[in-house]
Amino acid sequence: MTRMIDRDMISFTDKPLAVNGLFGVDKDNGASIRLIIDARPVNSMFIPSPPVSLPTPDLVAALNVPQGTTLYAAKVDLDNFYHRIRLPEVWWPFFALPSIRAADLGISGYAADAVIYPCCKTLPMGFSHSVFLAQAVHEHIIDTKVPLLEREARVIRQPFDPLSAATVVPSIGSPPLPLCTSALASPTGDFDLSRMRHSVYIDDLNIYHHDSLMIDLAIDQYLVAMAAVNLPAKPSKIVRATADGLECLGVFVDGRNCEVGLSVPKLQALRMSTLRILAVGEATGRELSHLVGRWTWAMLVRRPAMSIFSAVYRFIECAHDSSYTIWPSVRRELLAATGIAPLLYASIRCDWSPIVIASDASELAAGVVYTQVQPSEVRHLSLVPDKPGTDTDPVLQSFIAKSDWKIAISHRWYQQEHINALEVRSSLAAIKWSLKRPDVLVPSSAGHTRLLLLVDSSATLGSINKGRTSAHRLLRPLRTMSALLLAAGLYLKAKWIPSAMNPADKPSRCL
């Protein structure tokens, strides 16, 4: 019979079901050590964790602040969040740690030379389901106890579908069980700051709004709710509403200028780290992976910059833990990243361009069309959900059918390429044409502009919205497009439409 001895965070057993390891990583720049459970043994015994979509800097950069308003931001960090979430008692023996003699701990109830195993009673870092469970706990408490932080106003990557295959658990003899974090309405997935918005990143809460009083009221309500369930905030990590700049999700949110990007000291430190590695002339795959990861996080606020990297991924894959001389192609990419560092910020108080463009390509020619639209209507269209291969939203269908489309470009190709490359080149032609218009290209002192592009190619859609592609045939035109977007301060939003509905289809055939 298994005997368990209760403690606040650990219990003990002499019959473990899985014995896990331990290791530590630096915390607070070496001031302390964060204890991590090497839970690979128990992870192999559980089903795969459900997917978790955590907010990233590109979502903050997508926020839309109305003209003439000031953005306020606030944040709260919970105290020892993981270690305050208690595991079910039947799980404890699965989270056993390396054994120790009972006499060494002075534990009664066991023989002095008995071998016992400490067991985690709280959610351990390293467990494959920890992020999902922690995020679900945090969101559930906010959804049910903090009415000022509406679930519908949560900043997420896309509206949550509780019945999608990736978010349900099959159940024999009954309907599938949704793995959603709340029974309330799903977030809308828009980024309009006309109302209070917030994001949840495991134990962190960030709030954004143009009303500082409302933010502080929401924080007070949140603090009371979390303390009531023994998940208090860390007092030193509570930052009330401010417009003078705040670090949110690793990027600096400047509320007065309405700009988002890595802080200047962090960006300069990243540049210097890159130049040091280039000066040494060699690196392991692990070292370069860490560096590229930092650059990727910085580039998320301006996704076109991510098209710079290609050879670095191959180097990381080849080198692993071995030290290799840095390839010339890798050197060029890293130098390019350091060169465009001043452009890695996003303006979140910019209007939509008063035109919408559509591009298409055939093996014969490229076609680009445009139509004049009110910026408010373009903003509404940008929020319409779209997914390749699915039915087009009626709002988008109506817009395409009723708009007066004019031909901007219709020309034959000079050389043959794969159709996916031609589709990207057609979109590139649309961007070049758009940047000749004064209502699209505005002086940098006047702000930046958002532009909506309609395409019927899923490969083009993915590469533009992600900012990168692994397909080399698409990379060259995508890099040219990215350079133009970064230099012009233009934020491109690509949206998918069916080929039969694409108004650029006819010009792309030179008919």
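User: Why is Cys248 called buried?

Analyst: Cys248 has a relative accessible area of 0%. Buried means under 20%, exposed means over 50%, and partly exposed is anything in between (1.4 Å probe, protein chains only), so Cys248 with its 0% falls in the buried class. One thing to keep in mind is that this is a predicted model, in which local features need pLDDT of at least 70 and side-chain atom pairs count only at pLDDT 80 or more, while totals for chains, interfaces and linings use all residues. Residues are numbered from 1 along each chain as its sequence is written, and side-chain values use heavy atoms, with hydrogens and water left out.

User: What makes Cys318 partly exposed?

Analyst: Cys318 comes out at 27% relative accessibility, so it counts as partly exposed.

User: Then on to charges. Why is the pair Glu139 and Arg151 called a salt bridge?

Analyst: Side chains of opposite charge can pair when their charged atoms come close. The rule asks for a side-chain nitrogen of Lys or Arg within 4 Å of a carboxyl oxygen of Asp or Glu. Between Glu139 and Arg151 the N to O distance is 3.8 Å, so the pair qualifies. Glu139 sits in helix H4 (residues 130–145) and Arg151 in the loop between H4 and strand E7 (168–169), so the bridge ties together parts that are 12 residues apart in sequence. Those helices (H or I, at least four residues) and strands (E, at least two) are DSSP runs, numbered from the N terminus.

User: What else does Glu139 meet in a salt bridge?

Analyst: Arg154, at 3.7 Å from N to O. This pair also links distant parts of the chain, with Arg154 in the loop between H4 and E7 and Glu139 in helix H4, 15 residues apart. Arg154 is buried at 2% relative accessibility, and Glu139 is buried at 11%. Glu139, Asp143, Arg151 and Arg154 are linked in a network of salt bridges.

User: Which class does Lys406 fall in, buried or partly exposed?

Analyst: Lys406 is partly exposed, with a relative accessible area of 37%. Lys406 forms a salt bridge with Asp404, where the closest N and O atoms are 3.0 Å apart. By this rule, the count comes to 20 salt bridges.

User: What makes a group of residues a nonpolar core?

Analyst: The members are buried Ala, Val, Leu, Ile, Met, Phe, Trp, Tyr and Cys residues joined through side-chain atoms within 4.5 Å. The largest such core has 53 residues, and Leu288, Trp295, Met299 and Phe309 touch the most other members. Helix H7 (285–299) is one of the elements that each supply at least two residues, and H7 gives the most, with 6 residues. Contact means heavy atoms within 4.5 Å. Leaving out residues up to four places away in sequence, the contacts of Phe309 include Val292, Leu334 and Arg479.

User: Why are E9 and E11 called edge strands?

Analyst: They belong to an open sheet of 4 strands in the order E9-E10-E4-E11, with antiparallel pairing. Strand E9 (197–201) and strand E11 (239–242) each have a single partner strand, so one side of each is left without a neighbour in the sheet.

User: How do you know that E9 and E10 pair?

Analyst: Two strands pair if DSSP finds at least two bridges between them. E9 and strand E10 (residues 204–209) share 5 bridges in the antiparallel sense, so by that rule they pair. Val200 stands opposite Leu205 in E10.

User: What about E2 and E3, how many bridges join them?

Analyst: Strand E2 (residues 21–27) and strand E3 (residues 32–38) are joined by 7 bridges, again antiparallel. Gly24 stands opposite Leu35 in E3. The hairpin has 4 residues between the strands, and Asp28 takes a positive phi near 55°.
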